[in-house]
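Visitor: Hi! Could you walk me through this one?
Guide: Happy to, let's bring it up.

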Amino acid sequence: MTDVARTSVSISVNGRSFDAKAGELLIEAAERSGTYIPRFCYHPRMEPVGVCRMCLVEVEGPRGATLQPACYIKVAEGMSVVTDSEKVKKAQDGVLEFLLANHPLDCPICDKGGECPLQDQTLAHGSGETRFVEEKRHFVKPISIGELVLLDRERCIQCSRCTRFASEVAGEAQIAFSGRGDLIEVAPSPTQPFDSVFSGNTVQICPVGALTAKPYRFSARPWDLDQVESTCTTCAVGCRVAVQSSGNRLTRVLGVDSDPVNHGWLCDKGRFTLDSIDGNESSSDPLSAATRIKEPLVRRDGVLSPVSWGVALAEAARLLERASHQPGGVGAIGGAALTNEGAFAWQRLVRDVLHSENIDAQYGDGLDAALIQALPRATIDEAANARTLVTLCGDLREELPVLFLRLRENVVRQHNSIVELSFGASALRSVATVSLAVRAGEAHVVAQALGRSGGGVPQGAAFSEDDLLAARRLIGESGEGVVFVVGRANLAERAPVIESAVRYLAERFPDAKFLPALRRSNVVGALDMGLSPQLRPGRGFDPGSTGRDCAQQLAALSDGSQRALLLLGGCLLGNVLDVVQASAALERADVVVVTGHGGATLAYADVVLPAAVQHERTGTVTNIEGRVTSVVPKIVAPGSAWPDVAIAAELAELLGQSLGLDSIEMAAKAIEESTGYPALSVLNDATDGVVVGRHSPSTTPRPLDPMANPGIRSVESAGLGALSGATTTTHASSAPSPASATLELVGAGRGVEVPLVDAYSLRLNLSRRLYDQGIAVQGSAALANLTARAVLHLNHFDLDRLGVVTGDLVTMNAARGAVRLPVELDDSVPRGCVEVPFGSLDESGVDVVRPVLDAGAVVTSVRLESR
Ligand code: SF4
Ligand code: SF4
Ligand code: FES
C-alpha cells in the first residue's frame, strides 16, 4: 500500500474523480480541486456547524442522492457528489430567499456593500426575485456591543461565525444568540461587555454588514480602497495584514490568513491603531503621542522649532560628534520600531562612525539579548503543536495577543498540555493542564524544582507537590517535544531572576525549544541587526564588548560619563520603569530623537528628525520566531519625514563617512551579503517569509477565499480568488554567518540574590497590558480610552487581611512614596502579592505607580494600608 493510498480517498465531484485527503471536509476537498461550493457559516479556521445550509450538495448514498451540507460531512472512499444540479440550485435559491426575507435593503449605506458575501452569493446563486411581501423585522440600529463594535441586528443571518469565534477561538463567550424565531439576535452577555481584545475579528469574518467597526464605519466604500499585503509591526508576532487606504489616508487593516503565523486573526491594537499613524490633524503638540512629527525640529531658546533637514542634520551631527570625542560619550537606545534595514544602518552609524558600543534596542524591560540568541528557537507552529507548552512569561493575551490564540488552539483542538508558571492574571489559565503559582523572585527556584527528579516543593512555594509532580511528568526527562515561552512576567522584578530560570531550563532540558515573548514591534529584528552591546548584525556575538545597555546608558548620562543620546523611535519615558532616573538623565544629555511621533520624551530633545513609520515604509522585519517578512508602504509619510535608512546615511555623511547605504535595497543587499541573514531575497515578496536558519519546505499556495475573509480584495463574484498569504522557498545565501551566541559563550549570566520580604509587605507584580502608554495606543483616538486603569489586584486572603473589598481605596507605600488606589479581588494573583498593570493610569489619567517604585530592586515590596 502506498502513502497516497493510506492518506487519501477517491471521490468524484460533478463527474470528475480526484484524490481527497482522508478525513477532509467535502467543502474543502471540492475547493482544492477547483469546485467552489457557496457557504456562509463555514470558516476554514473554525469547527463546522452546518447551520446556514447554503452549502447543500447532492451526495449519492444507499437511498439515492440526498442533499447534505458540504461543510459538515467528511469525504469517504467512492463518494459521488453533484454541486450543480437543478436540485442543488433550487436548494440554494431557497436558502437565499429565506435569508433575504428579513434582510434590510441597506446595501447602499452598509459598510459591507461591494464586498459582501451575501450580495455576491445572491448574485451568483440566487433566483433574482423574492416572493415575500410581508414586513421585514426591525430593530433599533445600530447598537454598541463593545468599545469598538456596532451591531445592526436586522442584517444578521445567524451564521454564528462571530459567536463561534468568541467562544471557540478567543475563549471568551461574551456574545451569544438570544431570543427565538425571527426575534433571534446576537447579544453581548448581560453581565459583561464585549471587551475582547479580538473583537475586530468578528467584524472581519461577519459575512454581512451586521457587525461593523466603529473606527471604520462609513469611512470608505470598498471600490475606493487600494490595498497592499504587509506585516503588522504593532507587536512582535508579525501578523500578516492587508492594509487598505483611500487616497493617502489609511482606512482599514484586515488579517491575511498566514498559515505559520496568524491564521487570519488580528488583535484590536494592531487592527485599530491606524489613526495613530495618520496622525490627529488637530494635534500639533510635540509632547503628545497623537502628533505626527512632519518636519525636522531643533530646540531654539528652549522651544522645539521647525527647521530644514540640512539645519537639523548639521545640529544632530554637531552634538553627536562633540560627544564622541569623549570615550563612551555617545550611545543609542531604541530601534524596535525600525525595519531591519533601518536597524542595520543605525548600528553601522553608532559603531562604525561614532565608534561606540553603547547601543540597546530594549528599554530594560526585556531579557538578556545574548541569552535569547543562544536559546534553541521554536517557531510559532512548533509552540502551537508542542506536546507540552510551558509558559514562563506574562499574560500572552495582553502581550502578544495572536500568539495567545495560536497557543490556546494547541490545547483546545489538539489536546496537548500546558504547564503554566503563573505570576498573576493569565488568559491561558482556564486551559492550562497544570498551573504553578510563582511569586516575584521565585522563578529560578521554581525552575530548579521542575528540573529535579526527586524532592518536593521549595520551602514556602505557593503550589502543591501534586502539581509539581504533574508538571515534571508533562515536561519529561529531556524536554523533547516541549516548548518554553519565556519573557518578563513582572517588570517590578529584575531581569536576572527570569534569566537565571531560563538558562537553567535550557541546560537541564537540552531537547526543549524556546520562544521568546519579547513584545515590542521589531525588537527581534533590531537585536538580530546588532542593536545590543554584545550582538552584531546577522545574529553575531561579541562576548568582549563593554558597551552599555539602556539602564547603564541612563546611569552614565546622569553621572556625566556619557554626554549624548540618540533615541531611535519609541518614547523612552513611556517605556522605562524608572521614569524619574530617565528624566534626570535626559535633562543632562544632548538628545537627538529619530521618530515619527510626538511624546513626553521630546520635552528633552535638542534635535528631532522625522521618520516614516509603519505602513509608510518598505523593508523587512523579524518576528519572535525569527521569521523575516516584508513590510510594504501603503501611504506616503506626512510632511518631509524620511525613511530611517536615509536619515542614518545622511547623518553619517555629515560625520565624514559614507555608510554606502543609499537605498533600502542597498541596505537589504548589504545585510544579506555580509551576514547571510535573509533581507533582499524577502524584500519584495508578498509571502509568509522565511525563518532565519531554517529550510522553508515547499508548500502549495492557498487560494484566497473571499467568503472566509470578506474585504481582503474587492471581489466581483463569489468563488476562488487570487492567491494570498502564500509561503515561499526562495531564500538562499552563501554568505558566511557570523559567530553566534551559545549558552557556553554567554556564560553564567548575572547572579541573582533575592532579598527576603517581611511579613507585613506584599511583593509587587507589574504586569503588561495590551492597552498601555505606547504610541500605538496613546496616539489613537480609537484606543487611548482603553488604557488600563491603575487598580491593585489582590487575592481574597490578602483582601481579608486588610479588611477591604473590591472598590475600596488603600494606600500603597513604596520606596519613593505612596499612592492611593482602589483594590479589586483577583484570585489569580498569588497570596502575598499585589498586581498592578504597568503604565496604567489613575482616574485623572496620570501614571501614579511608576514614579514611586525603586527600579533597581531585585523584587519590589510594598505595604498596603486601608486607612
Ligand atoms: S452578526 Fe454576522 S457573524 Fe454574527 S451571526 Fe450574524 S451574520 Fe453571522
Ligand atoms: S498580535 Fe501583534 S502583530 Fe498581530 S495584529 Fe496584534 S499587534 Fe499586530
Ligand atoms: S451549512 Fe455549510 S456553509 Fe453553512
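Visitor: Is Tyr 216 buried or exposed?
Guide: Tyr 216 has a relative accessible area of 6%, under the 20% cut-off, so Tyr 216 is buried. Keep in mind that this is a predicted model.

Visitor: Where is the place of Tyr 216?
Guide: Tyr 216 lies in the loop that runs between β10 (211–213) and β11 (226–231).

Visitor: And how many Å apart are Tyr 216 and Gly 639 in space?
Guide: Their C-alpha atoms are 25 Å apart, while in sequence Tyr 216 and Gly 639 are separated by 423 residues.

Visitor: Switching to ligands: which residues surround ligand 2?
Guide: The neighbours are Cys 232, Thr 234, Cys 235, Gly 238, Cys 239, Leu 266, Cys 267, Gly 270, Pro 401 and Val 402.

Visitor: How many of that shell are charged, by class?
Guide: There are no charged residues around ligand 2; the shell has seven nonpolar and three polar ones.

Visitor: What about the space taken by ligand 2?
Guide: That space is the largest cavity.

Visitor: Now helices. What should helix α10 span?
Guide: Helix α10 covers residues 340–353, and at 1.5 Å a residue its 14 residues should span 20 Å. The C-alpha atoms at its ends are 19 Å apart, which agrees.

Visitor: Why is α10 called largely enclosed?
Guide: Because 13 of its 14 residues are buried, the rest of the structure largely encloses α10. Just after α10 comes His 355, with a positive phi of about 55°.

Visitor: Last one: which domains is the chain divided into?
Guide: Domain 1 (3–98), domain 2 (297–366 + 523–684), domain 3 (375–516) and domain 4 (762–865). The C-alpha centres of domain 1 and domain 3 are 42 Å apart.

Conventions. Residues are numbered from 1 along each chain as its sequence is written. Chains are lettered from A and ligands numbered from 1 in the order in which they are written. This is a predicted model: local features need pLDDT of at least 70, side-chain atom pairs count only at pLDDT 80 or more; totals for chains, interfaces and linings use all residues. Side-chain values use heavy atoms; hydrogens and water are left out. Helices (H or I, at least four residues) and strands (E, at least two) are DSSP runs, numbered from the N terminus. The expected span of a helix is 1.5 Å times one less than its number of residues. Buried means under 20% relative accessible area, exposed over 50%, partly exposed in between (1.4 Å probe, protein chains only). A residue is near a molecule or strand if one of its heavy atoms lies within 4 Å of it. On a 1 Å grid over the protein atoms alone, a cavity is a set of points where a 1.4 Å probe fits but cannot get out, and a pocket is an open set with protein on both sides within 12 Å along at least five of seven lines; lining residues have an atom within 4 Å of a point. A molecule sits in a cavity or pocket if more than half of its atoms lie within 2 Å of its grid points. Ala, Val, Leu, Ile, Met, Phe, Trp, Tyr, Cys and Pro count as nonpolar, Asp, Glu, Lys and Arg as charged, and the others, Gly among them, as polar. Domain bounds come from an automatic or database domain assignment.
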